[in-house]
Amino acid sequence: MTSPSSFVPASAHCSQAPSPWIERWRHLLPTGCPVLDLACGSGRHLRWLATNGHSMTGVDRDSAALSGLQGLGELVCADIENGPWPLAGRQFGAVVVTNYLWRPLWPQILDSVAPGGVLLYETFGLGNEAFGKPSRPDFLLAPGELLQVCRDWNVVAYECGQLRQPDRVVQRIAAIRPNATGPATSTACLTP
């Protein structure tokens with residue numbers, strides 16, 4: 001059984017419009033690159049990126065949500081918290097994750113980004129408990145946690161803080177995985 005607070009229903013904290021963070025950093029994705037939308041829910045990012053020419057793979061445990069995404073790409077119904085990783089050995093030009101945190105998956109998420117590929121990640125941080133769910137520390141990023149997870153990557157942008165409409169505390173990162181030939185050579189950090 002999955003933890004009920006590890007994901008946030010689409011209606012709770014987001015609209016069907018793409019996250020402004022994902023929109024802002026989409027230009028980092030190579031044209032037409034394959035993209036994994038992890039815990040894609042109703043597919044707001046899968047839909048938007050597919051219309052922007054990307055080959056999409058969406059993973060979610062909710063088969064009803066995935067059924068509304070037929071024809072937009074590969075759809076994988078899997079309980080990634082309690083079952084095997086459904087994409088073993090596969091890599092993508094970009095991985096997008098929003099409003100989702102399950103720390104035991106960090107290795108699989110990072111390994112899913114191909115060398116030179118992009119990770120766009122945005123989810124709730126400590127302090128969000130003042131505004132609603134998620135409120136358990138297990139499902140809230142600690143300050144600087146995404147920076148620590150991506151410490152060996154080229155961090156293009158990072159933000160951590162409170163956002164409005166709706167009020168929430170988030171942490172988000174845009175990071176590029178180093179190529180197999182060596183570590184990233186430059187880091188540019190943006191903070192709020």
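T57 sits in strand 2, which runs over residues 55–60. The model looked at here is a predicted one. With a relative accessible area of 4%, T57 falls under the 20% cut-off and so counts as buried.

Q171 belongs to strand 7, residues 168–176, and because its relative accessibility is 0%, Q171 counts as buried. The side chain of Q171 makes a polar contact of 3.2 Å with the side chain of Y158. A polar atom of the Q171 side chain also lies 3.1 Å from the backbone nitrogen of E145.

Now for the nonpolar side of things. The largest nonpolar core holds 31 residues, and those with the most contacts inside it are L38, I80, V95, L119, Y121, C150 and I173. Two or more residues of this core come from each of strand 1 (34–38), strand 4 (92–98), helix 5 (106–111), strand 5 (113–124), helix 6 (145–149), strand 6 (154–163) and strand 7. Apart from this core lies another, made up of 20 residues, including I22, L46, L66 and L120.

As for I80, setting aside neighbours within four places in sequence, its contacts are L38, V59, W85, P86, Y100 and L105.

Definitions and conventions
Residues are numbered from 1 along each chain as its sequence is written. This is a predicted model: local features need pLDDT of at least 70, side-chain atom pairs count only at pLDDT 80 or more; totals for chains, interfaces and linings use all residues. Side-chain values use heavy atoms; hydrogens and water are left out. Helices (H or I, at least four residues) and strands (E, at least two) are DSSP runs, numbered from the N terminus. Buried means under 20% relative accessible area, exposed over 50%, partly exposed in between (1.4 Å probe, protein chains only). A polar contact is a pair of N or O atoms within 3.5 Å; within protein, one must be able to donate a hydrogen and the other to accept it, and residues adjacent in sequence count only if both atoms are side-chain atoms. A nonpolar core is a set of buried Ala, Val, Leu, Ile, Met, Phe, Trp, Tyr and Cys residues joined through side-chain atoms within 4.5 Å. Contact means heavy atoms within 4.5 Å.
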